[in-house]
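Open the model in your viewer and keep the sequence panel beside it. The stops below say what to select and what is there.

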Amino acid sequence: MATKYTSKIKFKVWKRHVCSGCGAAFRYVFEREKEGSASTEAAAQEAARKAVASALASEVDPHPCPHCGIYQGPMVKALKDANYGCLHYLALVGAPIVLLILACTDVLGPAAATWGLAGAFALTFYGHLRAASLKPNADRAKNADVAQAKVAAGVLVLDERGRPEPEVFPGNEPMSGSARFWLLVALVALLFVPAADLGRLVQDWPANAGWFPPVAGPGDKTYVYLPREIDTLKGYWKGKATVVVGNAAEVGIEELAATTKHDSWGSTIRAKSSEKSSKKTLWAEVAIPDDPKLAGKKLDLAIRVEATFPHSQSSGWVEETEVGDLTTSLVLAPPHAGATWRILFWAGFVGGAIAFLVASLALGGALTASDKGEPTTIVPFEGQAS
Ligand SMILES: [Zn+2]
């Protein structure tokens, strides 16, 4: 591992603005701690110095002008940017990745995953709405009170008086057309994420908890886990699945075709020590006959999987057999509803997430765009080196 050097610089200066509204000159205490990291000490110090220079040139703290009471354009931007913190990006980027992994590994049901994602996106959408509705210069009298309190506390100083009334009010302008457009795209994408389950609710299709997908009709396939775990070498197993319909007299079919895992491993298995004991849960995929008369029927099922798998021993391995049984039921939706559900699930989860991500990135720029304001100057803080 290469050594990493970190250099920190803490500073306190006055930042001086010329108000873009009234022309007054004012300054406020501007404090930061910046750091730089690199593989050499000199480079780390250089990186920290650059971070300081960048902060001095472009970062601002929000303080109303003590003469006219408006916030400068870059301050309005800083206030809007505050709605786009870590949590915003965690919900925007982290949630889709985590929920997709949980859904693909069947840890979380697919419908729950899409609702979880819609929830995370709703949080980021709320952040957009807050940034969109923030107008720090809407109440100038209140801002003037805030400024006077800061002046009294000694953190804000009026150096030169300006014109009696400000000529501009940064942030008060109506929302731009592109911001409106992207807000609409984000809202539609957010509602499209749980499209599969929303569609199911609208169509009143039955959902079967524990089945993947939870919606199945005549002509569909869906799978379920059995309450049986096997200890297999390298995760290999193969099995034979049978599904007997308990209420055959009522629904008119006695058995359903079913498949399960079918690995082949030959006579020699090469495995790392970490692969010697791999726990796997038995499952069976059931095929529903493509008979429209079955729609809406409830099938009582007795599912059995006979699994054969290599089981490691102190030296080598032996082939073992275990049987898993599950008695459950499946309520059928209209023909091929499961296939539709599957398409909507992926379209919602992937398509909806991509559209929401694109709209969010566009919105971050559109909502926080701002004029650069007047250039600022730096004044050393009295009695202290900057
Ligand atoms: Zn002013």
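Select Asp204 first. Asp204 sits in the loop between H7 and S4. Helices (H or I, at least four residues) and strands (E, at least two) are DSSP runs, numbered from the N terminus. The phi of Asp204 is positive, near 60 degrees, in a residue other than glycine. Most residues other than glycine have a negative phi, and most peptide bonds are trans.

Two notes on reading the model are needed here. Residues are numbered from 1 along each chain as its sequence is written. This is a predicted model, in which local features need pLDDT of at least 70 and side-chain atom pairs count only at pLDDT 80 or more, while totals for chains, interfaces and linings use all residues.

Next, select Asp106, in the loop between helix H3 (86-104) and H4. Asp106 is not a glycine, yet its phi is positive, about 60 degrees. Is Asp106 exposed or partly exposed? With 14 other C-beta atoms within 10 Å, Asp106 is partly exposed.

Now select Phe212 and Pro213. A cis peptide bond joins them, with omega about -10 degrees. Pro213 belongs to the loop between S4 and S5.

Select the strands from here. The order S4-S5-S8-S7-S6-S9-S10 describes an open sheet of seven strands with antiparallel pairing; two strands pair if DSSP finds at least two bridges between them. Strand S4 (211-212) and strand S10 (317-331) are at the edges, and each has a single partner strand, so one side of each has no neighbour in the sheet. S4 and strand S5 (residues 221-232) run antiparallel and are joined by two bridges. Look for Trp211, which stands opposite Val224 in S5.

Further along the sheet, strand S6 (residues 238-245) pairs with strand S9 (residues 298-312) over eight antiparallel bridges. Val244 has Ala302 in S9 as its bridge partner. Between S9 and S10 there are 15 bridges, also in the antiparallel sense. Glu306 has Val323 in S10 as its bridge partner. Select Gly316 in the hairpin of S9 and S10, which has four residues between the strands; Gly316 takes a positive phi near 75 degrees.

Turn to the helices and select H6 (residues 177-192). Its 16 residues should span 22 Å at 1.5 Å a residue, and its end C-alpha atoms are 23 Å apart, which agrees; the expected span is 1.5 Å times one less than the number of residues. Which residues of H6 are buried? They are Ala179, Trp182, Leu183, Ala186, Ala189, Leu190 and Phe192. Their cover includes helix H4 (110-133), helix H7 (195-203) and H9. In H7, the buried residues are Ala195, Ala196, Asp197 and Arg200, and these pack against H4, H6 and H9.

Select Leu117, Phe121, Ala186 and Ala284. These residues have the most contacts inside the largest nonpolar core, which has 61 residues. Such a core is a set of buried Ala, Val, Leu, Ile, Met, Phe, Trp, Tyr and Cys residues joined through C-beta atoms within 7 Å. Helix H9 (residues 337-368) gives the largest share, 11 residues. At least three residues come from each of domain 2 (84-133 + 172-203 + 338-369) and domain 3 (216-332); domain bounds come from an automatic or database domain assignment. Leaving aside neighbours within four places in sequence, Phe121 is in contact (C-beta atoms, placed from the backbone, within 7 Å) with Ala91, Leu190, Val193 and Phe356. Apart from this core lies another, of 16 residues, among them Cys19, Tyr28, Ile70 and Tyr71.

Select Arg140, in helix H5 (residues 140-153). Arg140 is in contact with Gly69 and Ile70, its neighbours within four places in sequence left aside. Arg140 and Tyr71 are 69 residues apart along the chain, and their C-alpha atoms are separated by 9.2 Å.

Finally, show the whole protein. There are nine helices and 11 strands. The centres of domain 2 and domain 3, taken over C-alpha atoms, are separated by 35 Å.

Terms used
Contact = placed C-beta atoms within 7 Å. Buried ≥ 20, exposed ≤ 12 C-beta atoms within 10 Å, placed from the backbone.
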